[in-house]
Amino acid sequence: MSDIRVRGAAAAARIRVVRPGELDAGEIERWRELRALSGAPANPFMEPEFSLAVGRVRPGARVAVIGGDSGGPVGFFPYERGPLGQGRAIGFGVSDSQGPVLSAEHTLTAGELLSACSLSSWEFDNLEAGGGLFVPDAAEAFDSPVIDIGQGYEAYEAVLRAGSPKFFRTTTAKERRLARQAGEVRFVFDERDPAALRTLMAWKSAQYRRTGRRDRFAKEWISTLVRQLAADRHDRAPGCSGVLSVLYVADRPVAAHFGLRSRTVLSCWFPAYDTGFAKYSPGLILHLRMAEAAAGAGIGLLDLGRGAAEYKDALKTGELRVYEGASVRRGPRAALYRLSREPSRRAHSFVRDRPKLAGYAQRALSQVGRLRDR
């Protein structure tokens, strides 16, 4: 732990850097309070419980506790620190919403905060729009599609019928056909059976391989994080708890999703399905059932996460803005960061911005996946 008084424009700010598990109960409650006051959607990735969970599996996880004139915290900055001082958003690679949690009282600049944390840079790929301290350093902005169910599922269904009538008719018809041809369709919004989570993770790993993408669950810290969050869901932390949803046919799981929820937001994280039932589009059926159950549980928003996908376009009612980039302090390490990260980021951006080229790239990845599975 370090205790640093920042000089200059933020002379009154006192920053204490701790491991997430070293936060006391008062600081955790203050974090929740600042999130509630921010007016931003209550995304569970931005709540203290997510940082606490990452802290249990990532040794470099830290939180900067920012003090104010009154002595109490006016902000929190969760991050991970690499061996050479490179920083990343906490849970980088799986966190779908990132950024500091700050009161309007804070007077820090991005550079002062990084300096206090001994970071040469801080990289993000899902910085929320309210993370104003780092937004000026963003290289790109993206839309993260969402489903607004704040007026109830029937209102959402009416939006689908009006905006995507063919999609809605086709999906509901496939659900009826699935029931006729394979057995009773049953949906569980909050499944407690650990076997269902193992099935979902196996499906998702197979999907990553099939599409030529890196298998996230091959990384021990990610698979452990997901299992721990699934186990922690029994404690029902108000700001961030796991929800495992499963679509069954004749008591056989055919689609599942594991995500994180707060009182009002369900962040969609890991959806997958049994490819043997692909002709019935069980993943789409699952998402409609999830939206209905979530609305009944008092949730007002499903965040589908950044990334282009046809099913997201069909389901969404709007978007939130998120940012990708890095804040880099001046010095020799800044040049090293740009040399190591910028070429790759620009190459990815070049492909994403050209749909035809992106299609070629996806087909190439799929071919790699087929070859890898032989």
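Which exposed residues does the face of helix 4 turned away from its buried side carry? Here are a few notes to go with the model.

1. A word on the basis: this is a predicted model, where local features need pLDDT of at least 70, side-chain atom pairs count only at pLDDT 80 or more, and totals for chains, interfaces and linings use all residues. Residues are numbered from 1 along each chain as its sequence is written, and side-chain values use heavy atoms, with hydrogens and water left out.

2. The protein chain has eleven helices and 14 strands (DSSP runs numbered from the N terminus: H or I of at least four residues for helices, E of at least two for strands). Of its 374 residues, 51% are buried (under 20% relative accessible area with a 1.4 Å probe, protein chains only; exposed is over 50%, and partly exposed lies in between).

3. Now to helix 4, residues 153–163, where Tyr 153, Tyr 156 and Leu 160 are buried. They share one side of helix 4 because they cover an arc of only 60 degrees around the axis, taken from the directions from the helix axis to the C-beta atoms. To settle the opening question, the face turned away carries Glu 154 and Ala 162.

4. What do the buried residues of helix 4 pack against? Their partners are strand 8 (138–148), helix 5 (165–182), helix 8 (282–296) and helix 9 (310–315), with contact meaning heavy atoms within 4.5 Å.

5. Ser 327 sits in strand 14 (residues 318–328) and counts as buried because its relative accessibility is 4%. Among the residues that Ser 327 touches are Trp 122, Phe 124 and Asp 137.

Key. Lists of a residue's contacts leave out its neighbours within four places in sequence.
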